[in-house]
Structures are given as C-alpha cells and as structure tokens.
Amino acid sequence: MPDRHVDTAAVHAGRLIVPSNTASSPPLFQASSYEFSDLDDVEAIYAGTREGRIYGRYGGPNAGQFETAIAELEGAEAAVGAAAGMSAIDAALATHVVAGDAIVATREVYGGTYALLEADYRGRGIDVRYVDQSDFEAVSRALAGPGTRAKVLYVEALTNPLVHVADLRALAACAHDANAALIVDATFATPALVRPLAFGADLVVHSVGKYLGGHGDVGAGVLAGRAQAIAEARAYLIRRGATLPHFEAWLAVRGLRTLALRMERHASNARAVAAYLQMQPQVARVYHPSLANHPQHALAARDYAHGTGGIVAFDLAGGASAVDPFLRGLATIAIVHSLGEVATTISYPTVSSHRPFPIEERAALGVSAGTLRISCGIEHPSDLIADLTRAFGGLGERPRA
Ligand code: PLP
C-alpha cells in the first residue's frame, strides 16, 4: 500500500477485520451499511441467493441471529424481529387485513394493542370485535359476523393481569373453521412454556423486553410463523422503519441464553408466592393457574408442563384504600409498569395497564380497585415472602408466616 495522506488513512486504515475463526460469543455488528464486491454481488444479495446484508434498516447480522434463534425455539419456518412488541403486532395484523375486513380480538387484550386496534384499525375502516377468549361459541359467532367474516382471531396465551390461559388448540379450530388466521401474543408465556404454532396458531408475537430479554433493558418485538407470512411482515417492517436495531438484537440473544432457567425460577417463585398469598387474611382472592380455584387450572396442567410463568395477581381485602399502604411497605419488590425481569416487581393495574379503561369495563374484566399484579423474578422465594409479609404487617392485621 503506497503511503497515503493522513486524511485518507484516518478514513480507511484498519477497516473491519472479520476474524477467520468464530467468536464464541456473538460480536455486535453496529454497522448500518455494507460493501458489495461487484454488481453480481449486489444482484445475488438482493435476490437472496447469496448470504449478505444490504443496509441497517433491512436487518443486520445480530437481528438475523435473534430471528434464527426464535424460529427454532418456536418451531417456526421463519421469524422477524421488530423495533417493539407493538411493531410486531402491527406487522402481524396489517399483513392480514385491509379496510372492510374484520378482526376478532380477546377482550383481555394488552392496553397498547387495544389502542392500536381502536386508533389504527377501527379508525381506518376495519371492524374490531372483542370476545371472551374462553367462550368458543362467542368466538365463532364473532368470527362469522355481524357484517363481514373476520380474517383474524387475535388472542393472548396468558392474559394480563389475571393469567387466564387460552385454549390454543380450540381457538385454532374456531379460527380455521372460519377461514381466519390465529395470531397469538405469547409474551407472558415464551416458547419455554408454550409454542402456539404447535397448537395450530398461524403467527406468534412477543414483546421481547419482557421474559425473552429478561433483564428490563431491551425494547423489541418478534413474530414467527410460515416463511411467506414472515416475508410479508418483514417487508412491512422495513417500509415503516420498524425493524430490530443491532444492539437490542444483541441484548435479546444474550437474554435468550438463560430463558429456560429463568422461566423455571419465575414459575416456581410464582407458585410459592400464590400459595403464600392465598393464606393471608388481607387477601380476598389470588389469581394463578397453579391454584385449584383458577378457571383454567386443568387446562394449564394439560398445556403448560413447565408452569405458567411468573405473573400472580391478587385482590387486597381492604380494596383501594389498602393499596398505597401495602405498596409503601415493600422494600425489595419495586413498583414497575413492566414485567418479566429478573427482579420481582409489582404494578397496580388501575393506574397502569388498565388506566385507559372506564371503571365498569375494568370490573367486567375482573380487575378491581384492590387488584395488584406481581411479576415474580428469580430471587430466592423466602426473601419475596419476607417482603410481602412486611408489607402485610403494615396493614394492621398480623400476616401468617
Ligand atoms: N403484548 C403484551 C402482552 C405486553 O405486555 C406488551 C407490553 O407491555 C406488548 C405486547 C407491547 O410490547 P412493547 O412494549 O415491546 O411494544
């Protein structure tokens, strides 16, 4: 190489060196553009006949690695990462419906999805009908009409905050009998607990920032399903600039490595916390599928061999007025409006996830002014129970040990 001017050397010296042997942990490719060796290379990479990258928004190697991992975990032909769970949900829906079509969605849908359905789907001429996802006759009726037949049945594998369990096999049958696609949000479950595609779902979506990432540091989404559906979703996400950024993909892969272990502990802690809460005189009701009084206890036992994740909800007997003193009494468990992190967190649905719903609608969903939701982390259960015991102690009546 002839001597070059420092101005040129500063730009070109020490260009990226790809090591000849594989790194044992994934490097971060924080690159938004890629070089082509010639025009044949351009054509081959665009056609997909040669492995290669085009441009950051089209997806980088870290996003590709995450997508490959999710496709394998979900037993899917393909997966595509997205900038957020909401982008993944939007891509899943938008590639299935146009103005004049209809969507049937669970009435327990996540608040952000409800807002999306109302503003961007109903608002653009798509009929949206809400149903109780455990009432299959109502689901089938809603899929059939009134008005146009629905193209999509949208459900959540485990619902927020009462952890209702969707019977995915039965819902897939309802959807397919009506020629609709079944799209499942399995954020609360993850493929470590349930793989919706194996039950007949057409697409599965996740908010990656919850259990898949697991450490409260990722904002990302993903959807998995058949190759053709994923190719259409990918094109939609690329057009909207809603693809998965490199660093988030890298963090998500790092999180995935411990998914199975974390989910086991989240689930065992949730069982311990639910059993403890059930014994407390200050608690009116506990919601967790491990409890015999849960409406889908038997279904959970059939479909969830490794537990139903880390979410437990409960109603304080003292109602709304007991909530603030109880929350103030917690030292280890923080108030956080998210879930699925290694640390145990608590949220008050009335002011967080269910804030947009009028009080009657909240009541119809079974969420009262005394309902709290715990996302059990991976700490030792005795410290979680000690923290809860302290908070119950502050309410007056003596908690049971
Ligand atoms: N689905 C569920 C069940 C959620 O809880 C959330 C967020 O809390 C989302 C989707 C949306 O995901 P994101 O916040 O990554 O856009």
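A residue is called buried when its relative accessible area is under 20%, exposed when that value is over 50%, and partly exposed in between, with a 1.4 Å probe and with protein chains only taken into account. The model described here is a predicted one, in which local features need a pLDDT of at least 70 and side-chain atom pairs count only at pLDDT 80 or more, while totals for chains, interfaces and linings use all residues. Residues are numbered from 1 along each chain as its sequence is written, and side-chain values use heavy atoms, with hydrogens and water left out.

The protein has 14 helices and twelve strands, where helices (H or I, at least four residues) and strands (E, at least two) are DSSP runs numbered from the N terminus. Its radius of gyration, taken over C-alpha atoms, is 23 Å, close to the 21 Å that the globule rule (2.2 Å times the number of residues to the power 0.38) gives for 401 residues, so the protein is as compact as a globular protein of that length. Of these 401 residues, 51% count as buried.

Among the strands, five form an open sheet with mixed pairing, in the order S8-S9-S12-S11-S10; two strands are said to pair if DSSP finds at least two bridges between them. Strand S8 (283–287) and strand S10 (334–335) are the edge strands, each pairing on one side only. Within the sheet, strand S9 (residues 311–316) and strand S12 (residues 371–375) run antiparallel and are joined by five bridges, and Phe-314 stands opposite Leu-372 in S12.

Helix H5 (residues 111–121) has as its buried residues Gly-111, Thr-113, Leu-116, Leu-117 and Tyr-121. Their cover, judged by contact (heavy atoms within 4.5 Å), includes helix H4 (85–94), strand S2 (102–106), strand S3 (127–131) and strand S4 (150–156).

Some loops hold backbone features that deserve a look. The peptide bond from Gly-145 to Pro-146 is cis, with omega near 5°, and Pro-146 lies in the loop between helix H6 (136–144) and S4. The bond from Asn-160 to Pro-161 is also cis, with omega near -5°, and Pro-161 lies in the loop between S4 and helix H7 (168–177).

Asn-179, in the loop between H7 and strand S5 (181–185), has a phi near 60°, a positive value in a residue other than glycine; at 71% relative accessibility, Asn-179 counts as exposed. Thr-190, in the loop between S5 and strand S6 (203–207), likewise has a positive phi, near 65°, but at 0% relative accessibility Thr-190 counts as buried.
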